[in-house]
Amino acid sequence: MASPNDILSDDLVHFLQGLRIAPEPVPQATRILDGHKSPVFTCAWSPIHPGLLATGSKDSEVVLWDTIGCTEARLGALSAARQRDITSLTWSADGSMLAAGCYDPVVRVFLANGTKWMENGTVHKDAIFSTRFSRSGDMLLTASLDGSACVWDLEHKTLYRQYTGTHQGGCTDVDWITDKIFSSSGADKRVLVMHVDHAVPLLVIRGHTEEVNRIEASPDGTRVASCSNDATGRIWTIPSTDRGILPPVVLLGHVGKICAIKWGPVSGRRGCRYHSNMHRVSVDTTARVWDSVTGECLAKITDHGRPVWSLAFSPDGRFLATGGVDGRLNIFNLKTWSATWSWTPITSYSSGIMEIDWTIDNGCNLISLALSCGKVAVLDCTKVPDLE
């Protein structure tokens, strides 16, 4: 099970620092935000407040950036623990709250103005890998290396239920299927479907042969996508009755670990929602787009020269952005199935892209990049003709 700290090894840092990078093609469209003092691992746009960006780094620093007003609010270093990487930043659907996952392992929730809403460091016993708000915003899910998943009551700022021993070797991810039902994944190769009021799983899903890294429920709550170290992605249909799980759609073609999988935001041909998954290992530097019903590979993106770590769909479903070790942002047109635009951020030395987030809201069309050099890049897509 790899953490951002594991990914950013000393050898990799030396490689990135020595890498020469190409000139920036559209300088007026990009800004470099200089506020962190260590590698930035995560970035997340507010779903409600245009231009409001949250970023978190290896030294537990969280910063709220007003990218329109050009101001920043530092929440400070959240932890003094030896390993205190910020692993996850997630906004509630109404943009009123921000949850932070950390290696220390303390659950923290802030209001949009940076005020701390709740904090608990007594329940999880190891690193928190994932935080997810319920769709109503009443509850928060957390996944931990201690093997447990937790549901938190945000109104009362208390633990609602802890699922201890959920996954042997660590719970790697969680996601809501409905406001009461959620899924979890683990190092034990399993995906579980749980109800917040039941102590035992509704479903135990087996099929992966190695650790499951990420899961994501479809927007309509009928399917769950998973990706694994076994080099496969799988689409599981969640039954509406107790008849049991159907055989999955298995996504084949990769030759290494898959570290990210996402559903596309719009309907594609035959009414299917697209999703993509990616690798982070050097033996496979590709991203792929799949038909989630048939398992057909619709496109293979091969423009990266090094492992790919992160991806984001444009909210309007027109583009897919990918980034990774080579520090290159590639944008792929999902209508023409062609590479549209690429960019490598200019900093004092080259930098890997740790995470990408994309927002379109109230006239803003912005991409944020969390960079391993300790910077944050923001791309204004309205100033890039190919992305208009």
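A network of salt bridges links Asp104, Arg108, Lys116 and Glu119 in this predicted model. A salt bridge is counted when a side-chain nitrogen of Lys or Arg lies within 4 Å of a carboxyl oxygen of Asp or Glu. Side chains of opposite charge can pair when their charged atoms come close. Lysine 116 is partly exposed, at a relative accessible area of 44%. Glutamate 119 is also partly exposed, at 45%. Here buried means under 20% relative accessible area, exposed means over 50%, and partly exposed lies in between (1.4 Å probe, protein chains only).

By this rule the model holds 10 salt bridges. Another of them pairs glutamate 72 with arginine 74, at 3.1 Å between the closest N and O atoms. Glutamate 72 has 38% relative accessibility, so the residue counts as partly exposed. Arginine 74 is partly exposed as well, at 40%. Aspartate 188 and arginine 190 form a further salt bridge, with an N to O distance of 3.1 Å. Both aspartate 188 and arginine 190 are buried.

The residues are numbered from 1 along each chain as its sequence is written, and side-chain values use heavy atoms, leaving out hydrogens and water. Because the model is predicted, local features need pLDDT of at least 70 and side-chain atom pairs count only at pLDDT 80 or more, while totals for chains, interfaces and linings use all residues.

Strand S12 covers residues 149-153, and five of its five residues are buried. Strands (E, at least two residues) and helices (H or I, at least four) are DSSP runs, numbered from the N terminus. Both faces of S12 are covered. Ala149, Val151 and Asp153 lie on one side, and Cys150 and Trp152 lie on the other.

S12 pairs with two strands, S11 and S13. Two strands pair if DSSP finds at least two bridges between them. Strand S11 (residues 139-144) runs antiparallel to S12, with five bridges. In this pairing, methionine 139 has aspartate 153 of S12 as its bridge partner. Four residues separate S11 and S12 in a hairpin. Glycine 147, in that turn, has a positive phi of about 90°.

On S13 (residues 158-163), five bridges again join the strand to S12 in the antiparallel sense. Alanine 149 has tyrosine 163 of S13 as its bridge partner. S12 and S13 also form a hairpin, with four residues between them. Lysine 157, in this turn, has a positive phi of about 55°.

Phenylalanine 332 sits in strand S28 (residues 329-333). Its relative accessibility is 7%, so phenylalanine 332 counts as buried. Contact means heavy atoms within 4.5 Å. Beyond its neighbours within four places in sequence, phenylalanine 332 contacts Ala299, Ile301, Arg318, Phe319, Leu320, Trp337, Ser338, Ala339 and Thr340. Phenylalanine 332 and leucine 387 are 55 residues apart in sequence, with their C-alpha atoms 10.0 Å apart in space.

Confidence was examined last. The pLDDT is the predictor's confidence in each residue, from 0 to 100. The chain averages a pLDDT of 85, and 86% of the residues score at least 70. Over residues 3-25 the pLDDT stays under 50. The model has 47 contacts for this stretch beyond four places in sequence. Residues 267-283 also have a pLDDT below 50, with 92 contacts beyond near neighbours in sequence. Where pLDDT is low, the predicted coordinates should not be read in detail.
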